[in-house]
Each structure stands twice: as structure tokens, then as C-alpha cells.
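This briefing is about how the parts of one protein structure meet one another. Please look at the sequence and the model first, and then read the points below beside them.

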Amino acid sequence: MSLDLIEPILFGLLALAIVGAGLGVVLAGRITTSALLMAFTFLNMAGMFVLLGAETIAAFQILIYVGAITVLILYGVMFTPQGPRAYGLFFQKQTTVGAVIAALAALPVMAVAFAFRDAGNVPPRGGDLVPLASSIFTDFAFPFEAASVLLLAAMIGAIVLVKRE
Amino acid sequence: MTTLVPLGAFIALSAALFFIGMAGVLVRRNAIVILMCVELMLNATNLAFVAFSRRLGLLDERGSVFVVFVFVVAAAEVAVGLAIVLAAYRNRPTVDVDEVTEMKG
């Protein structure tokens, strides 16, 4: 019985960490703090994927988000000097309007979000790697190839954009 | 299979993180922080995709497939986004999006 409570407790801890670190990304004054808190958010999100039973997605999450994207962002931070204006968060003209718009948009969505109910008869299943792979390489083979073209285009585009004459 | 945590809780967490990221995009003016907040929003949608995929009783993993494509798009987006930030920084030494006004009509 006490074993059943592990799932809600884990969900609560992970949700607290995700929301807290997410707020930290927005509110932190130092940009390096923001970047590391973003990595922490992604790490906790990987735990949430494991809780949902999507272990493969959790592994991708750690490899791509915590590994690649955080390092890329940290390189961006290092290549650009961060001036004192990064600290002047709440004294800018669009802050109030932006926060009000985000809150107004959030309220109805949050109200609807809790209304979703689980389907009654979800069949138990094992890991998600085999169905994921068979979906990607059968039904989604063409989008998969298109994604590789997108990655190639992004790579060439990024190189061309930052290339010196 | 015990499902003590309802689907709605996952969707609400996803929505909360999405709007935290949206507030960050609207409020922060540092281009790199804005990129980070866009990543938060993309990751929040991933949680919604996985939750619906695992909990709505469908037999395949279509939601998880979409998450893989979101990963691809997020990686491409952050690479091109940082390249644009660095290129704009070379023209005008600032990462503040309010000061990059060359394309304003």
C-alpha cells in the first residue's frame, strides 16, 4: 500500500522542481544561473517521462536537452558579454503588459487542463522503445527523412550565419 | 498498473511550464534568455504529448514520435537562433532585443 504512494510523491517532487526551476529561469538575474536552472528543469522533466513510462524519451531528453542544448546555450552566453541590463528585469516598460498577457492566457488553459481524465481501460505495456521505433520507421518514415533534411539545413545555416568573410 | 496521478495533473504541469516560458519570452529582453524560455515551452509540450500518448489508451506511440520530432526542431531552432544572435551581435554589440531595431519599419 505504501508502495502505491511513491508515484504521487515522486510526481509532487518533480513538479515542484520543474515549476520552481522554470520560474528561476525567468526570474534569475545572472544568465548563467538561468542556463543551469534550465538544465535542472530538463533533468526533472526526464524523471517525469520515466514516471509516465516513456524511458526512451527520457533518455533522449537527457542526451539532447541536458547534454546538447544546454551546452550550446552556455557557449552562446560565453560568446556574448552580458551587460548590467540583464539585471534590470522588473523595471522595463513591457514587463507589466507581458506578465498580464501571460497570466490571462494561462488561466483558462489551466482551468481546462485539470479536466482531462484517464481512459478507463489502458492496457499495460512494457518499454516504449519497440513501438516508438516501429512507428518512426513505418508510419513516419517520410517525416523522419524530412527531419534529417531540416537538421542538415539548420547546420549549414548556422555555419553560414556565423562565418566570417 | 496504478495510476494514482491523474492525467490532468500532468497536463496542468505542462501548461504551467508552458506559460512560465511564455512569460519569460514576453518579459525578458536578453535574446539568449528568450531562447531558453522557448526551449522551456517546447519541453512543456513534450510532457503533454507523452502524457496523452501513455494515458489515453491508444496502442501505438504516436505522441512519443511527435516528441522525437519536437526534439529535432528544438535542436535546429537553438542552433540557428544562437547563430542569429551571434551574427546580430557582430553588427551591433548587444544581445538586448529592444536595441536591435534595424528591421523596424
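How many salt bridges does the rule find across the interface of chain A and chain B? The rule finds one salt bridge across that interface, and it should be kept in mind throughout that the model is predicted.

**The salt bridge**

- The salt bridge joins the side chains of A:Glu7 and B:Arg55, with 3.4 Å between the closest N and O atoms.
- Because A:Glu7 lies in helix 1 of chain A and B:Arg55 lies in helix 2 (residues 31-55) of chain B, the pair joins two chains.
- Side chains of opposite charge can pair when their charged atoms come close.
- When the whole structure is searched, over all chains, one salt bridge is found.

**The interface of chain A and chain B**

- In this interface, 84 residues of chain A are in contact with 76 residues of chain B.
- The size of an interface is often given as the accessible area lost when the parts come together.
- Between chain A and chain B the buried area is about 7100 Å², and carbon and sulfur atoms give 75% of it.
- The rule also finds eight residue pairs in polar contact across this interface, with both residues of each pair at pLDDT 80 or more.
- On the side of chain A that touches chain B, at least two residues come from each of helix 1 (6-27), helix 2 (31-52), helix 3 (55-79), helix 4 (95-113), helix 5 (129-137) and helix 6 (141-162) of chain A.
- Sorted by class, the residues on that side of chain A are 59 nonpolar, 15 polar and 10 charged.

**The two domains of chain A**

- The domain assignment divides out domain 1 (1-81) and domain 2 (127-165) in chain A, and the C-alpha centres of these domains lie 23 Å apart.
- Six residues of domain 1 of chain A are in contact with four residues of domain 2 of chain A.
- The area buried between these two domains is about 320 Å², of which 56% is given by carbon and sulfur atoms.
- A:Glu55, A:Thr56 and A:Ile57 supply 78% of the area that domain 1 of chain A buries against domain 2 of chain A, which is more than any other three residues supply.
- Across the interface of these domains the rule finds zero salt bridges, while one residue pair is found in polar contact, both residues being at pLDDT 80 or more.
- The side of domain 1 of chain A that touches domain 2 of chain A has three nonpolar, two polar and one charged residues.

**Helix 2 of chain A**

- Helix 2 of chain A has 22 residues and should span 32 Å at 1.5 Å a residue, which agrees with the 31 Å between its end C-alpha atoms.
- A:Gly53, which follows helix 2 of chain A, has a positive phi near 90°.

Definitions and conventions: Residues numbered from 1 in each chain as written. Chains lettered and ligands numbered in written order. Predicted model: local features only at pLDDT ≥ 70, side-chain atom pairs only at ≥ 80, totals over all residues. Heavy atoms only, no water. Contact = heavy atoms within 4.5 Å. Buried area = accessible area lost by both parts, 1.4 Å probe. Salt bridge = Lys/Arg side-chain N within 4 Å of Asp/Glu carboxyl O. Polar contact = N/O pair within 3.5 Å; in protein donor to acceptor, adjacent residues only side chain to side chain. Helix = DSSP H or I, 4+ residues; strand = E, 2+ residues; numbered from the N terminus. Nonpolar A, V, L, I, M, F, W, Y, C, P; charged D, E, K, R; others polar. Domains from an automatic or database assignment. Expected span 1.5 Å × (residues − 1).
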